[in-house]
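Hi everyone, thanks for coming.

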Amino acid sequence: MRLKVGKIVNTHALKGELKVISTSDFIEERLSTGSKLIITRGNQVLKEVEVEYSREHKGAFLVKFLGIDSINEAEQYKNLHLKVEEEYLEELEDGEFYYYEIIGCNVYDENNTFIGEVVDILQTGANDVWVVKNDEGKENLIPYIEDVVKNIDIDNKIINIETMEGLLN
């Protein structure tokens, strides 16, 4: 499995640097010298690359990949995505999960009633909020907080929650 970690939005200067907007919580690690990434168009692999160096610049990152040494070479990668192979992901601490592990899980309440499937995750600042869609297409927003989320079984794709008043509409 490959996970998207950024989008190449432009070139920078003449020596092949690319401007990257992050979609990863671990972007400093992803763009560290020696990191191996994949440039893709959708699911199509265009080029495997290794980071020569990177630096933060005006809310984005300027990245130089080995073997991309001019603006002409870099130009062809604009508007493409950077992905990382699952094997290069960091181990997370207990109670932490990658979004791809949560999306697709089935959510059940304390009575083992099916609530729906997690289809998206919203970042709100204080805590993440899971968008859970039921079989009729109705969506509920479930906050990822200790009072609500009681158990996450990634292997079986099951999440158990305790409903609070007003949580489900």
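This is a predicted model: local features need pLDDT of at least 70, side-chain atom pairs count only at pLDDT 80 or more; totals for chains, interfaces and linings use all residues.

UniProt, in an unreviewed entry, labels residues 5-87 "domain: RimM N-terminal".

There's a second annotated span. Again from an unreviewed UniProt entry, residues 101-167 carry the label "domain: Ribosome maturation factor RimM PRC barrel". That span is 49% strand and 3% helix, with its end C-alpha atoms 23 Å apart.

Okay, zooming out. How many helices and strands does the protein have? The tally is 3 helices and 12 strands. And the overall shape? The radius of gyration is 19 Å, while the globule rule gives 15 Å for 169 residues, so the protein is more spread out than a compact globule. If you draw a box around the C-alpha atoms along the principal axes, you get roughly 60 × 30 × 30 Å.

Of the 169 residues, 35% are buried.

What about contacts along the chain? Take the contacts between residues at least 6 apart in sequence: 49% of them join residues at least 24 apart.

His12 is in strand S1, which runs over residues 2-12. Is His12 buried, exposed or partly exposed? Its relative accessibility is 25%, so it counts as partly exposed. Leaving out residues up to four places away in sequence, His12 touches Glu17, Arg55, His57 and Leu62. Ala74 is 62 residues away from His12 in sequence, yet their C-alpha atoms are 8.8 Å apart.

Last stop: backbone angles. Most residues other than glycine have a negative phi. Now look at Lys58, which isn't a glycine but has a positive phi of about 50 degrees. You'll find Lys58 in the loop between strand S4 (44-57) and strand S5 (60-65), and with 76% relative accessibility it counts as exposed.

Asn112 isn't a glycine either, and its phi is positive, at about 65 degrees. Where is Asn112? Look in the loop between strand S7 (106-108) and strand S8 (114-123). Asn112 has a relative accessibility of 56%, so it counts as exposed.

Key:
Residues are numbered from 1 along each chain as its sequence is written. Side-chain values use heavy atoms; hydrogens and water are left out. Helices (H or I, at least four residues) and strands (E, at least two) are DSSP runs, numbered from the N terminus. The radius of gyration is taken over C-alpha atoms; the globule rule is 2.2 Å times the number of residues to the power 0.38. Buried means under 20% relative accessible area, exposed over 50%, partly exposed in between (1.4 Å probe, protein chains only). Contact means heavy atoms within 4.5 Å. UniProt positions are given in the numbering used here, feature names are shortened, and annotations may be inferred rather than shown by experiment.
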